[in-house]
Amino acid sequence: MIFDLLGVPPQALLGQLLLGLINGSFYALLSLGLALIFGMLNIINFAHGALYMMGAFVSWMLLTYLGIPFWPSLILAPLIVALFGMALERTMLSKLYHLDHLYGLLLTFGLALIIEGAFRTMYGVSGRVYPIPEILRGGTNLGFMFLPNYRAFVVVVALFVCLGVWFFIERTRIGSYLRAGTENPELLQAFGINVPRMITLTYGLGVGLAALTGVLAAPIYQVHPLMGFHMIIVVFAVVVIGGLGSMLGAIVTGLLLGVVEGFTRVFYPEASATVVFIIMAIVLLLRPQGLFGKR
Amino acid sequence: MNYRRTLAYAAAVALTAGAGTAAAEGPVRIGVMNDMSGLYADLAGPGSVVAAEMAIEDIGGEVLGHPVDVLSADHQNRADLASTIARQWFDDDGVHAIFDVPNSSAALAVQELAREREKFFFISGAATSRLTGDSCSPTGVHWTYDTTSLANGTGQAVVQEGGDSWFFLTADYAFGHSLEEDVSAVVEEAGGQVMGSVRHPLDTQDFSSYLLQAQGSGAEIIGLANAGTDTTNAIRQAGEFGIVEAGQRLAGLLLFITDIHALGLEAAQDLVLTTGFYWNRNEETRAFAERFNERTGQMPTMVQAGVYSSTRHFLNAVEEAGTVDEAQAVMERVRANPVDDFFGDGGHVREDGRMVHDMYLVRVKSPEESEGEWDYYEVLRTIPGEEAYGAMEDGGCQYVN
């Protein structure tokens, strides 16, 4: 391995760093939504990957059946999936808040299987292609690597959205209601705030983030029913490493793990699928509350 | 009279004992095992079960006077699970023959078990040439294609066009390793050079890191030693990263028609690949494909067509042998009968279990050339079976050498 390390020119490392950040921004967006939902609803949202996949598929459907291009569907698809998510929350998840975490996990896991199964029946596992929007095609030669314009766009959007959501929760009045709601919902209710509606909207926001990630991923990856299943397990590890419920933790850890994974793909590619879990095991042993967790 | 009846009774007891729990007079039972829900489900999956059922219908539904039973199972691309299912099928459920089993690791596990139990194994989905090499079995038949034929088809064609320096993107399990090894041998024999390779886990989404390494290697050809969504994702992302524009070329070493369908002709046009079956080749293949399409909504891949062909060949052999419990008698018929159907075109089963039949080197049409949905290939060359699969002596099967 040392020899491999020496054998990799620094430009190639720079390239891998950048690619890692791009993948990390997907992790960050997804784990942010997951952390948000866990923080506010105390639900471990196993359906997150399926909703991410739905975002990609809805965007594909908008294009294929209705001719609606990428830009509008960047807003429309997350909205549609968020509405679907809120319906799930109202009709099913809301019945489970007083029960153990495990019930929420089982319900969302079941929902994930049903959603993925439905798409598999309709479209098969090979999936469909979503073309890269015209003006973002091509790329820039940075000297050390060829950076596709679309990937650069993804990183920028992801960072903006992550920071925006973080600012919204931590620095605005509505955000402070949300945080208060997690601490003491009864008290907040007594102040005249409609807590159940707030929770529904929070779930919608988390789901919308997942769907937005899906829309962003559609032009890069094959749009296929199992795409969320791949992501969700890694993203769970990200959330655990960052500290359950910590939003800043989710963002930073997401980016960081993207980079670690990228480097693993160069130095020891066989381990690239497991490295995240090795880190998770180490973090759980040394710092069970996660890197950014309180308590 | 009494004497004769005793003899018949003794024979029946002997047969029953030999077959474990399966009754000698009972129906022939086959099992189709593959990836029913993961990345290989479109190229094999439920479609393979439909193909087996069609084969049974086409021979009249009955063998040895009983209707043929079909079981099916999902091995989820796990060799351990494949082995567990095969054990249960052979030991408890009275299954006589297993079909398909894509994923080379899973197929190698089932091959071991089938050899031990003296049960039949007709492989269609798995690719590794080890199944007729160091892991060959007297009751195992490798039907549709293998890594050797892919190397001799696509690998050879690319080298002949002048692509003599290679870098491999390899799926990190038995199949990818075999394919990389077989293609490397072809490349090196032709005087080419393998500059390196990188192994990625099965079912990878993002290939950018690997593609960057392939780009850095400076090789002319990037060989994709993977399959299913792994290959389609790699091809798309290579386009995104401008790899083809920068002068490197991709060689998809194993592509199924469902992959081309998923990629779309715009992205897939001009890829050259090797296949054991193409539905739009002649009247017979079209007739089968239309029937298959009516039931499944897709055109058959070579794997699914291979399941049809092998099921039919096996059941005919059983009928002729008059038994399903005497492995040797059945295998004699399997080897003696030519494979005379739309798939085999006069192919035959070799001593080491290889079904030797013609392969086709094809080029993917452009959207303008295509005359309709699923009209994807132009056949460049028919590769004679002997050339595609090489000599039996080179395979390394113990019991034939």
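Biologist: How much area is buried between chain B and chain A?
Modeller: This is a predicted model, in which local features need pLDDT of at least 70 and side-chain atom pairs count only at pLDDT 80 or more, while totals for chains, interfaces and linings use all residues. Residues are numbered from 1 along each chain as its sequence is written, chains are lettered from A and ligands numbered from 1 in the order in which they are written, and side-chain values use heavy atoms, with hydrogens and water left out. Buried area is the accessible area (1.4 Å probe) that two parts lose on being put together, summed over both. Carbon and sulfur atoms give 51% of the area between chain B and chain A, which totals about 2,800 Å².

Biologist: Which three residues supply 25% of the area that chain B buries against chain A?
Modeller: In this interface, 28 residues of chain B are in contact with 34 residues of chain A, contact meaning heavy atoms within 4.5 Å. The three that supply 25% of chain B's buried area, more than any other three residues, are Gln205(B), Arg236(B) and Glu240(B).

Biologist: Which residue of chain A forms a salt bridge with Asp206(B) at 2.9 Å?
Modeller: A salt bridge is a side-chain nitrogen of Lys or Arg within 4 Å of a carboxyl oxygen of Asp or Glu, and three are found across the interface of chain B and chain A. Asp206(B) also meets Arg265(A) in one (3.6 Å, N to O). The partner whose closest N and O atoms are 2.9 Å apart from those of Asp206(B) is Arg151(A).

Biologist: Why does the pair of Asp206(B) and Arg151(A) join two chains, and which helix holds Arg151(A)?
Modeller: Helices (H or I, at least four residues) and strands (E, at least two) are DSSP runs, numbered from the N terminus. Asp206(B) lies in the loop between strand S9 (193-200) and helix H7 (208-217) of chain B, so the pair joins two chains, with Arg151(A) in helix H6 (residues 149-171) of chain A.

Biologist: How do H6(A) and H9(A) lie to each other?
Modeller: Axes are lines fitted to C-alpha atoms, for helices over the stretch in contact, and angles run from 0 to 180 degrees between N-to-C directions. H6(A) packs at about 170 degrees to helix H9 (residues 195-217) of chain A, with the axes 11 Å apart. Angles under 35 degrees count as roughly parallel, over 145 as roughly antiparallel, 65 to 115 as roughly perpendicular and the rest as oblique. H6(A) and H9(A) are therefore roughly antiparallel.

Biologist: How many nonpolar residues has the contact of H6(A) with H9(A)?
Modeller: Among the residues that meet are Phe153(A) and Val157(A) in H6(A) and Leu209(A) and Leu212(A) in H9(A). Ala, Val, Leu, Ile, Met, Phe, Trp, Tyr, Cys and Pro count as nonpolar, Asp, Glu, Lys and Arg as charged, and the others, Gly among them, as polar. With no polar and no charged residues, the contact of H6(A) with H9(A) has a nonpolar count of twelve.
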